[in-house]
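Open the model in your viewer and keep the selection panel at hand. The stops below go from one site to the next.

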Amino acid sequence: MEIVELLRQNENKDLLRLITAGSVDDGKSTLIGRLLYEANGIYEDQLFSVRKASGRRGSTQGELDLSLVTDGLKAEREQGITIDVAYRYFSTPMRKFIIADTPGHEQYTRNMATGASTASLMIILIDARNGVLPQSKRHAFIASLLGIQHVLVAVNKMDLVGYSREVFEKIRADFENFASRLLVKDMVFIPVSALAGDNIVSHSPQMPWYEGTTLLNHLQTVHIASDRNLIDLRLPVQFVNRFDDESRGYMGTVVSGVVRPGEEILILPVGSRAIVKKVFSPDGEAGEAFASGACTITLDRQVDVSRGNLIVHPHNVPRIANNFDATLVWMS
């Protein structure tokens, strides 16, 4: 029963999707490795593999090179950079986490944008020796463009600048001056050393002047529940599943709002109306489906619905237009 209860508690934990970003060699992979290591999120065989690879690479003077936890590609380990988006999973008693470790090199910015598209929080790392670089600003702008509401600016490698408060405050002022133009509602600054573990899980005695939260504590407590729009139903139809000659299921991921059985819906752009008969989640029939959840709905009558149509509530209809202004993340 104890195992069943433990699994139930883990299933009901809140989930935070986050992404690391910044310029080349700011320490993103090391930071994630440190988080996983401190949270006991690395399996024994992974740890053994990282220890062996650390000895071969020789970049940490015999110490465990935690950046290798996420730098899984051979080319990444040889060059000491992140190329692909690496996803890692861990949990604490308070929350579950999915971390996307994304490339810092300008050449791989498109990979970073891909990883950011599903994140609720972005950690932007800044090397304390170099200050705010153009790539750090580029990643922050993409975060704002993709609607990420929470940004944690981790000023890393504080051990290499003598844990200087003046250096930290200057970087914070520079970044805040740039970030005033971004659509980010929540921004936190934390001085850290991913390599030494300062202010990652526990407060660092090297920086008694810093009285804010630690990085892990902020990740565990940041409020994300209100980020989702649960008012405006927007359900793009991605696939029509024909159960039999009489019934069809309309499948998609709810972008915003909530859909429930018994509600009247409107299909755009055709203008047909129907009543939702049943709602199915990946786990079976459900009482509702809401923002960011995949679902299948069935209707009380046969209507013309196809891939690309949009399901909304009749009293809450988006504006339909042929012309619009947009800012693009160009992938090539």
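Begin with the largest pocket, which holds about 1300 Å³ of space. A pocket here is an open set of points on a 1 Å grid over the protein atoms alone, where a 1.4 Å probe fits and protein lies on both sides within 12 Å along at least five of seven lines; lining residues have an atom within 4 Å of a point. The volume is the space filled by probe spheres set on the points, which are joined across faces, edges and corners. Select R228, F290, A291, S292 and G293: of the 34 lining residues, these are the closest to the pocket centre.

This is a predicted model, in which local features need pLDDT of at least 70, side-chain atom pairs count only at pLDDT 80 or more, and totals for chains, interfaces and linings use all residues. Residues are numbered from 1 along each chain as its sequence is written, and side-chain values use heavy atoms, with hydrogens and water left out.

Stay with the lining and colour it by class: 15 residues are nonpolar, 10 polar and 9 charged. Ala, Val, Leu, Ile, Met, Phe, Trp, Tyr, Cys and Pro count as nonpolar, Asp, Glu, Lys and Arg as charged, and the others, Gly among them, as polar. Next select strand 1 (14–22) and strand 14 (289–290), each of which supplies at least two lining residues. Strand 1 gives the largest share, 3 residues. Strands (E, at least two residues) and helices (H or I, at least four) are DSSP runs numbered from the N terminus.

Move on to D25, in the loop between strand 1 and helix 2 (28–38). Is D25 buried or exposed? D25 is exposed, at 54% relative accessibility; the cut-offs are under 20% for buried, over 50% for exposed, and in between for partly exposed (1.4 Å probe, protein chains only).

Now select helix 2. Because 9 of its 11 residues are buried, helix 2 is largely enclosed by the rest of the structure. The buried residues include K28, R34 and L36. After helix 2 comes N40, with a positive phi near 55°.

Go to helix 6 (residues 134–145) and pick R138, which is in this helix. R138 is partly exposed at 31% relative accessible area, and its C-alpha atom is 9.3 Å from that of S23, 115 residues away in sequence. L145 lies in helix 6 too. Show L145 with F141 and L146: they make a nonpolar surface patch of about 230 Å².

The last stops concern the backbone. Most residues other than glycine have a negative phi, and most peptide bonds are trans. Select Y163, which has a positive phi of about 55°, in the loop between strand 5 (150–156) and helix 7 (165–179). Y163 counts as buried, at 16% relative accessibility. N199 also has a positive phi, near 60°, and sits in the loop between strand 6 (186–191) and helix 8 (215–221). N199 is buried, with 0% relative accessibility.

Finish at L268 and P269, joined by a cis peptide bond with omega about 5°. P269 belongs to the loop between strand 11 (264–268) and strand 12 (272–281).

Key
Patch = residues over 30% accessible without salt bridge, like charges linked within 9 Å, V, L, I, M, F, W, Y side chains within 5 Å. Areas by Shrake-Rupley, 256 points an atom, 1.4 Å probe, with all protein chains shown as cover. Salt bridge = Lys/Arg side-chain N within 4 Å of Asp/Glu carboxyl O.
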